[in-house]
Amino acid sequence: MTEHVWSYQPTAGRLAGTDLTGYKVEATDGAIGKVDKHSDEVGDAYLVVDTGVWIFGKEVLLPASTVVRIDTEDKKILVNRAKEQIKNAPEFHRDKHLGDAGYREELSTYYVTGIPFGGSHS
């Protein structure tokens with residue numbers, strides 16, 4: 001169920017090799033920050049977004065499947081999640097989580113179901 005979370009949607013307009021660093025990232029309800037790092041690896045594509053003051057200088061990891069459209073002209077990336085959902089995602093720490101398969105699975109589950117790890121629908 002979560003296997004496609006780490007791949008760009010075919011309609012996103014992703015051009016392999018394009019450096020997305022510095023692109024603005026917008027949720028469905030407003031700006032959330034700028035791309036600090038990204039991966040195009042097949043089946044393991046993601047964006048690391050520096051949220052600046054929005055959530056006190058934290059970074060968030062967004063699976064590539066959340067990307068709706070990449071606008072290379074305006075250097076903007078639109079994602080299909082609301083700010084609140086992104087803010088409530090499992091906390092990301094670059095040094096600890098970038099290569100952590102368990103964290104990736106937790107994040108995959110969250111973005112597919114909307115349920116935080118260990119959470120419920122109640």
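This is a predicted model: local features need pLDDT of at least 70, side-chain atom pairs count only at pLDDT 80 or more; totals for chains, interfaces and linings use all residues.
Residues are numbered from 1 along each chain as its sequence is written, and side-chain values rest on heavy atoms, with hydrogens and water left out.

Helices and strands were taken as DSSP runs numbered from the N terminus (H or I over at least four residues for helices, E over at least two for strands). Six strands form an open sheet with mixed pairing, in the order β4-β3-β2-β1-β6-β5, two strands being paired if DSSP finds at least two bridges between them. From one strand to the next, the twist averages 35 degrees; angles run from 0 to 180 degrees between N-to-C directions, with axes fitted as lines to C-alpha atoms and, for helices, over the stretch in contact. Within the sheet, strand β2 (residues 30-39) and strand β3 (residues 46-50) pair in the antiparallel sense over five bridges, and Val-35 has Val-49 of β3 as its bridge partner. Helix α3 lies across β3 and β4, running at about 70 degrees to β4.

Ala-31 is also placed in strand β2. With residues up to four places away in sequence not counted, Ala-31 touches Val-25, Glu-26 and Lys-83, contact being defined as heavy atoms within 4.5 Å. Between Ala-31 and Gln-85, which are 54 residues apart in sequence, the C-alpha to C-alpha distance is 13 Å.

A search of the whole structure for aromatic pairs returned two. Rings of Phe, Tyr and Trp (its six-membered ring) were paired if their centres lie within 6.5 Å, with planes under 30 degrees apart counted as stacked, over 60 as edge-to-face and the rest as tilted. The rings of Phe-92 and Tyr-103 have centres 6.0 Å apart and planes at 40 degrees, so this pair is tilted. Because Phe-92 lies in the loop between α1 (83-87) and α2 (94-97) while Tyr-103 belongs to helix α3 (residues 101-113), the pair ties together parts that are 11 residues apart in sequence. Both Phe-92 and Tyr-103 are buried, a term applied under 20% relative accessible area, with exposed meaning over 50% and partly exposed in between (1.4 Å probe, protein chains only). The pair formed by Tyr-110 and Tyr-111 is edge-to-face, at 5.2 Å centre to centre and 80 degrees between the planes. Tyr-110 counts as buried at 3% relative accessibility, and Tyr-111 is likewise buried at 3%.

His-97, located in helix α2, is buried with a relative accessible area of 7%. Leaving aside neighbours within four places in sequence, His-97 is in contact with Glu-91, Phe-92, Tyr-103 and Arg-104. The charged end of Arg-104 sits over the ring of Trp-6, 5.0 Å from its centre; this assignment requires NZ of Lys or CZ of Arg within 6 Å of the ring centre and within 35 degrees of the ring normal.

Ser-65, in the loop between β4 (59-63) and β5 (67-71), counts as buried at 17% relative accessibility. Beyond its neighbours within four places in sequence, Ser-65 is in contact with His-4, Val-5, Ser-7, Gln-9 and Asn-80.
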